[in-house]
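Biologist: Could we take a close look at one part of this model together? I would like to follow it step by step.

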Amino acid sequence: MQAEPLIPPPSRRDLLLTGLAASMPTALWPRTAAAQPALSTRPIPSTGERLPLVGLGSWITFNVGNDRVARENCAQVMRAFLDAGGRLIDSSPMYGSSQSVVGEGLARIGRSAGVFAADKVWIAPGSRGPAQIEESQRLWRVQRFDLLQVHNLLAWEAHLPALFEMKAAGRLRYVGITTSEGRRHREIESIMRSQPIDFVQVSYNLLGREVEQRILPLARERGIAVLANRPFREGALLRGLQSWPLPAWAAEIGCDGWAQFALKFIVSHPAVTCAIPATSQVAHVRQNMGAALDPLPDEAMRQRMAAHVAAL
Ligand SMILES: NC(=O)c1ccc[n+]([C@@H]2O[C@H](COP(=O)([O-])OP(=O)(O)OC[C@H]3O[C@@H](n4cnc5c(N)ncnc54)[C@H](OP(=O)(O)O)[C@@H]3O)[C@@H](O)[C@H]2O)c1
């Protein structure tokens, strides 16, 4: 699926509904994809298909129930994400109303076509997986997902064979597993070694770097794409950093603030395919997508970034 060349601007009504009209003149909104600088991408090792380095999470931020204004706001966040060149959106049946917010929002803004739809299966026993996936497809309004991941390894022994079968039958493009916060890393490693998965999703950020030791090198060795979740530790990392000035040398890698600093650190690791920050704000998603623009830090700069934050 390719990004659409023409991007419809948000309507005046959209902006009024989301309260963005005052802060964001429509004249400033990008009208064509060509107007946007190209995001850096990295290949999914199993196929070579390239993904932009920054995606979009949906846990908490998109779990807004039936609140019409909040749902509209989420649609505008997705519009800004896609306008900036983003593709991968990550959700899960665990995230309350998020799946339906994604599906309905993309349909409403007419932008489902360019999206790399990443969802999860999260149910036990494993025999209930197919029914859950069917319901997730209905909520997302997709015929098939690009990526399905076994969420937090729940009943993975049953789900993985079913997902591989779906992939073989052309009903799914990629298979993955997820965890977060360092949980069950030994088991993650063992599955990475023994199963033909395309993706692994783990937590990785400036203050949570355990995966650098074993999982990221293993992903490179085994040709497995990596999604980095919780890049801002649910926002706590940025809230802590905001009380400090951004170091002047962050300008060398094109950072306009701590969010880009934090994301550029993650996506410049050569094993990382895509970081998936979540946000409920259009201004934040634009900042976050800016982290996928060159220049990216080299290894020496990455060390400097981590040391600087650790010392604060
Ligand atoms: N086991 C799993 O599979 C698993 C586990 C955890 C997470 N995930 C995935 O990873 C995604 C990201 O993790 P997360 O949701 O824990 O949190 P996160 O992305 O680390 O942080 C999200 C928080 O950061 C804030 N934020 C985002 N951009 C910002 C910016 N530019 N400036 C200031 N604040 C900003 C958001 O607030 P605003 O709304 O105000 O921007 C939000 O509160 C999830 O949504 C989910 O898709 C998967």
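Which polar backbone atom is 3.1 Å from an oxygen atom of the ligand, and to which residue does that backbone atom belong? Please also walk me through how helix H2 packs against helix H10 and helix H3.

Modeller: Happy to! Keep in mind that this is a predicted model. A polar backbone atom of Glu234 lies 3.1 Å from an oxygen atom of the ligand. Phe232 also brings a backbone N or O atom to 2.7 Å from a ligand oxygen atom, and for Ser58 the corresponding distance is 3.1 Å. In total, 31 residues surround the ligand, with Asp90, Asn152, Thr279, Ser280 and His284 the closest.

Now to the helices. Two packed helices are described by the angle and the distance between their axes. Helix H2 covers residues 68-83 and helix H10 covers residues 282-290; their axes come within 9 Å and cross at roughly 25°. That angle makes H2 roughly parallel to H10. The crossing is right-handed. On the H2 side, Gln76, Val77, Ala80 and Phe81 make the contact, and on the H10 side Val282, Val285, Arg286 and Met289 do. Sorted by class, these are 6 nonpolar, 1 polar and 1 charged residues.

Helix H3, residues 98-109, also has its axis come within 9 Å of that of H2, but here the crossing angle is roughly 65°. H2 and H3 are therefore roughly perpendicular to each other. H2 passes H3 in a right-handed crossing. Among the contact residues are Arg71, Glu72 and Leu82 of H2, and Val101, Glu104 and Ile109 of H3. This contact has 8 nonpolar, 3 polar and 5 charged residues.

Technical notes. Residues are numbered from 1 along each chain as its sequence is written. This is a predicted model: local features need pLDDT of at least 70, side-chain atom pairs count only at pLDDT 80 or more; totals for chains, interfaces and linings use all residues. Side-chain values use heavy atoms; hydrogens and water are left out. Axes are lines fitted to C-alpha atoms, for helices over the stretch in contact, and angles run from 0 to 180 degrees between N-to-C directions. Helices (H or I, at least four residues) and strands (E, at least two) are DSSP runs, numbered from the N terminus. Angles under 35 degrees count as roughly parallel, over 145 as roughly antiparallel, 65 to 115 as roughly perpendicular and the rest as oblique. A crossing is left-handed if the near helix is turned anticlockwise from the far one by less than a right angle, and right-handed if clockwise. Contact means heavy atoms within 4.5 Å. Ala, Val, Leu, Ile, Met, Phe, Trp, Tyr, Cys and Pro count as nonpolar, Asp, Glu, Lys and Arg as charged, and the others, Gly among them, as polar. A residue is near a molecule or strand if one of its heavy atoms lies within 4 Å of it. A polar contact is a pair of N or O atoms within 3.5 Å; within protein, one must be able to donate a hydrogen and the other to accept it, and residues adjacent in sequence count only if both atoms are side-chain atoms.
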